[in-house]
Amino acid sequence: MATNPEARIRTDQAQAVAAQVQGQGSALNAIGGSLSSFFGTAAKTAEQIGDIEHREELVEIERQNQARQQQGLADQAMGRERDPELSKFQAYKGAYDVAVADTAANKMARDLAVKLRDLPNDGSVDPHAAATEYLKQEIGPGTGDAAVDGRMVYSAKQKADLLVAQKREVIAQTAEANIAETITNDVTGKMLSQKGVTSGQAEVWHKQFLDLTKGNVPAADKMFESALGNAIQNDGHAMSTLAALRESGYAKRNPDSYLRLSEKAFHQTNKVKSFRAAEEVQTLNGEYTATAAEYYNAGLPVPSQVFLEFMNRAKVIDSNHGVGQSAFPWMNGGAFRQSMQKQAAVNTILNTLNGVQATGDLRQSVNETGTELGSEIKKNYVAASAQWIQQNSQRFPELNRNLTGAGLPQPLASVGTAKEYGRMLASPKEQSAFAYTVDDTTKGIISSGLMGSDVNETIKAVTLLNEVANGPNSDLMLKGLLGDKEQARFDVIRRMAATRDIETAVRATVSDKDVEAEMAREQESGTVNFPRLLKDPERKQTDIDADIQSRAGERLKERIGRDDWFGELNSNISGAALKSLNLSIADHLREQSRTLKGGTKPDLNAAIDFAVKKTYQSFVPLPLQGNTMSLVRDPYGGLGRSPDKEIATYNGTKVYSGARMNIAGKEEDPLETFMKIDRKAIHTLLPAFLGDREDTGSAESVYLLPPDAKSGLHPVMKPGGEPLILAPGAKTTFRNAEGKLEDLEIPKDRKAAFEFLSAKLPKGFFPLEGAGGVFRVQYGYRLRTSGEEVLKTLSKGRDDTKANILSATRPVQFEPTPITRERWRALEKK
């Protein structure tokens, strides 16, 4: 067999040296310059030719190595011995050895799988020890070739570890089934021997099932219900079991399960058999009717816990006298089911708040539990919010101190309760669980407080709403709380409060209806009568608007610090941001007029400085098409503006708002990261997004839509308003790490497609599954500084603060004698 020629090594080209001319005069200098230029060009050309030849030789060597590698794989697959001539080439020998080692490892893995399958599942034999012993026997002393043996041992061990893990999972599942059977037998034994169970025993059994399911509450409830239901044999068992479930709190937490157990335990009905029985029935029915009337008058059904107490008393009467359930009409009149459904719906909201479901989104939680809420969310708000506030007494101390007799919160009982209630509604967790809404009664309480003539009630209502306005998703939440008129008044008071405190702003608004009306018109139209506010009626409105745009634009540029992307104020700022800027200028001019002496004109520059600072703090950057940016309202409530206040985390990457930050003494600009790095990365990876394989368009055409307040992610767009969408099962052109284009099929399976795209997309880009099963690519501003550096910076800041607090201070030096008036004047002169 002919052998391929050995690779050659070429030395560097000799460096040409320009000729030197010695002499005097301009002629000799000219000749010298010409010759120098000639020889220098010749040398450079020779060097370039040499480089081209060297690259061609390297390409040829690579082709030869690929051919040898393929030959090595083919020889091993055909069972041929290793070619002695080709074995001196590493490409051939390495490929042949790897194939030999992998073939041997695969055979050992197949045999090991059979041996592990035959091991007992009771855990009496350690699968890891069995696998280790088997590999030792099979590998023995090895082949004698270190390269082959190393690869074979490594590959075999990797496969063996996977098989051992699978066997251990089977053993664990068997053990879980055995433990569940043991607990169930214990329940049955205790029930029969004690003629019932206690609440303490019920709690222990439920905890055992909870431990068995590793904290999965629905799964533990199902096992618990099954064990108890199978153990109940008579009325005594039923009475003690249901009492234990009520006392332990299980009945309230899972009323559907309690109902099923109750109906199973008490299924026989009898008629009234004695006068005493009739008397007890009549007394209980009368008490229930009176209690139910109290709750119905408040617009609420009887709470499940109260209903369960009455139902238990009815069961006792039935058990003692055999009266049957028909003796208690309220049990069969739908009230019981209504109460259970009410608590189940409330529990869905509470479970969402407590993170029991797999997702924090209420509508998804509804799907998981099977509870039909839909438009019923508002009906369940009062009960759910009341229970949530009571469960979190440390977080809501004022609200808990001011509950009504029925246990309901009073949002406007005091400024403290208003602030706590507003913070609750400003929390993304509560917003999601309550679907950005409250019930009509709560909405009416807030609206009446805001619009009424009682200044104190208005102050409390504004305090509540101000907390909501300062949080994330404020626009959505305020829309669920206020009508148009209420929103207009709150906007006016909030604008006034920007230059003074809330109480002063409320009193000024209530006392001056003309100013309130004027500010409301400004809020609606976005137009401000600046000549009147500046006390300069001779000056044209258009001239003032142009002056404001010029000055505010320059100062906003200085504060933003992004001259490359931020151009003119009226073209590179959103309508909402421009409106907010003008209204803030107007607010500051009004405040100046209130405090200035008569005849003094307000300072427009001071008003612009105030408005620019407020706008910068209330808006976040948004990349537009080309090298431009805009400002849009910050939906995150101030989150994402510092390294330790990220909006969310996806696949280990923290997402921020786009504001610049100082990290470890250097400035980091997430917007710049997108404009200069990340949008080029997505354009490079997916060249066909903006065009096709030949004409890939320009990365500067990639832009973002305003962010989603909940996720902090921006949809990625291209000209024409088309989003970046990737569909499972579709063939898509990607550019690989070597810069080559390749057409790859996205997996059809949703989970596999998500993992495939997550691995492919550059940092900062995330696949989010949308309608129709397609994935919409979205972007989140990120930090290039590593997590370790960010943590180090934050830790140093905390350490410096602590050291400053703990540092020794210089003791105060007291004068030995009192300071007289004359001595004090002398000290003043010094």
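The model is predicted, so local features need pLDDT of at least 70 and side-chain atom pairs count only at pLDDT 80 or more, while totals for chains, interfaces and linings use all residues. Residues are numbered from 1 along each chain as its sequence is written, and side-chain values use heavy atoms, with hydrogens and water left out.

**Overall make-up**

- The protein chain holds 32 helices and 14 strands; helices (H or I, at least four residues) and strands (E, at least two) are DSSP runs, numbered from the N terminus.
- Of the 830 residues in the protein chain, 41% are buried; buried means under 20% relative accessible area, exposed over 50%, and partly exposed in between, with a 1.4 Å probe and protein chains only.
- Contact means heavy atoms within 4.5 Å. Among contacts between residues at least 6 apart in sequence, 60% join residues at least 24 apart.

**Helix α21 and its surroundings**

- Helix α21 spans residues 474-481, and its buried residues are Ser474, Met477, Leu478, Gly480 and Leu481.
- Seen down the axis of α21, these buried residues fall within an arc of 160°, so they line one face of the helix; the arc is that of the directions from the helix axis to the C-beta atoms.
- Asp475 and Lys479 are exposed on the face of α21 turned away from its buried side.
- The cover over the buried residues of α21 includes α17 (415-426), α18 (428-433), α19 (440-451), α20 (455-469) and α22 (484-497).
- Asn473 sits in the loop between α20 and α21. Asn473 is not a glycine, yet has a positive phi of about 55°. Asn473 counts as buried because its relative accessibility is 7%.

**Helices α5 and α6**

- Helix α5 (residues 199-212) packs against helix α6 (residues 217-231) at an angle of about 135°, with the axes 8 Å apart. Axes are lines fitted to C-alpha atoms, for helices over the stretch in contact, and angles run from 0 to 180 degrees between N-to-C directions.
- That angle makes α5 oblique to α6; angles under 35 degrees count as roughly parallel, over 145 as roughly antiparallel, 65 to 115 as roughly perpendicular and the rest as oblique.
- The crossing of α5 and α6 is right-handed, meaning that the near helix is turned clockwise from the far one by less than a right angle.
- Ala202, Trp205, His206, Phe209, Leu210 and Leu212 in α5 meet Val217, Ala220, Asp221, Met223, Phe224, Ala227 and Leu228 in α6.
- Phe209, in helix α5, is buried with a relative accessible area of 1%. Leaving aside residues up to four places away in sequence, Phe209 touches Ala180, Ile183, Thr184, Ala220, Met223, Phe224 and Ala227.
- Phe209 and Lys222 are 13 residues apart along the chain, and their C-alpha atoms are separated by 9.3 Å.

**Helices α22 and α23**

- The axes of α22 and helix α23 (residues 502-511) come within 8 Å and cross at roughly 130°. The two helices are therefore oblique to each other, and their crossing is right-handed.
- Arg489, Val492, Ile493, Met496 and Ala497 of α22 make the contact with Ile502, Ala505, Val506, Ala508, Thr509 and Val510 of α23.

- Asn651 lies in the loop between β3 (648-650) and β4 (653-655). Its phi is near 50°, a positive value in a residue other than glycine.
- At 56% relative accessibility, Asn651 counts as exposed.
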